[in-house]
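Biologist: Let us go through this model together. I will ask, and you answer from the coordinates.

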Amino acid sequence: MTLFLRILLGLAVGLLPLGHRCIAGDNGVISRAIETEKTDFGNFYLDRENLTKLGIGVAGAALFANTGMDRYIRNKYQNNVRSEDTDGATKIFNISATALALVIVPAYIGTYEAGRLLHNSTMEEWAKKSFRATLVGGPALVFLAAATGADRPTEGDSHWNPFHNFHGISGHTYIGSIPFITAANMSENPYQKVILYGLSTLPGLSRINDDRHYFSQVAVAWYLAYLSCAVVEKGNDRREGRVHVQLAPVPKGIAVTVQKRY
């Protein structure tokens, strides 16, 4: 199954329960959910600063992928670092992106419902933000997987060959790192942030260890997850710092409202 289909399957599993819940709810809930998703996608795909950051990350991955750097890192790791100990340490992450999505997306929904029952706003917030981040970066993940078209280490090199294959970015790394990055962004303790960001790299490292992806494929996937979590944190402030001018008709003319967010 291609990465494209695997990602769609994972997202569909998460969306169906939520969709059922929305249908049973009022229109206000549906409207707020739609507006939230529109804001997230706008923050990611329409914001020049975010697109510039994504472009820089993709360019960096291209440097590793289209030279001998990826193969060099792969050979050094497999020959000099990988061992039974590293295999054991990464075994917990040794599942496919499809299986990971089938586990983690329902886990978000379950955590959200548990948070509601326990009146734990932190659990609710973490689940919602993680789910939103997974959704918002999904289209970019699928596009980059197809556009790069690279092979796995056991199949060939990491050179980009558009639409040749769907392994140019690690879906496993993307899905697996989001819950840790979300938790890190929510934490106010700097030491906890460091630990959580460190944990977010483990899914990607497991793919390098198991010889399932090259370094560039893991790095760009983690960076995509990071950007996805960042735009969710940004929330409704995509136009922060900009001046907004609104015109509204009034009985004797037009009212002009100028607003600037800080």
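This is a predicted model: local features need pLDDT of at least 70, side-chain atom pairs count only at pLDDT 80 or more; totals for chains, interfaces and linings use all residues.

Modeller: Residues are numbered from 1 along each chain as its sequence is written, and side-chain values use heavy atoms, with hydrogens and water left out.

Biologist: How many helices and strands does the protein have?

Modeller: Helices (H or I, at least four residues) and strands (E, at least two) are DSSP runs, numbered from the N terminus. Along the sequence the pattern reads α-α-α-α-α-α-α-α-α-α-α-β-β. The count is 11 helices and two strands.

Biologist: What percentage of the 262 residues in the protein is buried?

Modeller: Buried means under 20% relative accessible area, exposed over 50%, and partly exposed in between, with a 1.4 Å probe and protein chains only. The buried share of the residues is 41%.

Biologist: Take contacts between residues at least 6 apart in sequence; what percentage joins residues at least 24 apart?

Modeller: Contact means heavy atoms within 4.5 Å. On that basis, the share is 70%.

Biologist: How is α8 oriented relative to α11: parallel, antiparallel, perpendicular or oblique?

Modeller: Axes are lines fitted to C-alpha atoms, for helices over the stretch in contact, and angles run from 0 to 180 degrees between N-to-C directions. Helix α8 (residues 171-186) packs against helix α11 (residues 215-234) at about 40°, with the axes 9 Å apart. Angles under 35 degrees count as roughly parallel, over 145 as roughly antiparallel, 65 to 115 as roughly perpendicular and the rest as oblique. So α8 to α11 is oblique.

Biologist: How many residues in the contact of α8 with α11 are nonpolar?

Modeller: The α8 side includes Tyr-174, Ile-178 and Ile-181, and the α11 side includes Trp-222, Leu-224 and Glu-233. Ala, Val, Leu, Ile, Met, Phe, Trp, Tyr, Cys and Pro count as nonpolar, Asp, Glu, Lys and Arg as charged, and the others, Gly among them, as polar. Five residues of this contact are polar and one is charged, while the nonpolar ones number 11.

Biologist: Is α8 roughly parallel or roughly antiparallel to α9?

Modeller: The axes of α8 and helix α9 (residues 190-200) come within 8 Å and cross at roughly 170°. That angle makes the pair roughly antiparallel.

Biologist: Which residues in α9 does α8 meet?

Modeller: The contact of α8 with α9 has seven nonpolar, three polar and one charged residues. From α8 come Ser-177, Phe-180, Ile-181, Ala-183, Ala-184 and Asn-185. In α9 they meet Lys-193, Leu-196, Tyr-197, Leu-199 and Ser-200.

Biologist: How are α3 and α4 oriented to each other?

Modeller: The axes of helix α3 (residues 48-65) and helix α4 (residues 69-80) come within 6 Å. They cross at roughly 70°. The two helices are therefore roughly perpendicular.

Biologist: Is His-119 buried or exposed?

Modeller: His-119 is in the loop between α6 (97-118) and α7 (121-148). Its phi is near 55°, a positive value in a residue other than glycine. At 73% relative accessibility, His-119 is exposed.

Biologist: What is the relative accessible area of Phe-163?

Modeller: Phe-163 lies in the loop between α7 and α8. Phe-163 also has a positive phi, about 65°, without being a glycine. Phe-163 is exposed, and its relative accessible area is 63%.

Biologist: How far apart in space are Val-105 and Thr-134, C-alpha to C-alpha?

Modeller: Val-105 sits in helix α6. At 3% relative accessibility, Val-105 is buried. Thr-134 is 29 residues from Val-105 in sequence, and their C-alpha distance is 8.7 Å.

Biologist: Which residues does Ser-206 touch, not counting those up to four places away in sequence?

Modeller: Ser-206 is in helix α10 (residues 202-209). Ser-206 is buried, with a relative accessible area of 0%. Its C-alpha is 8.1 Å from that of Asp-87, 119 residues away along the chain. The residues Ser-206 touches are Thr-90, Phe-93 and His-172.
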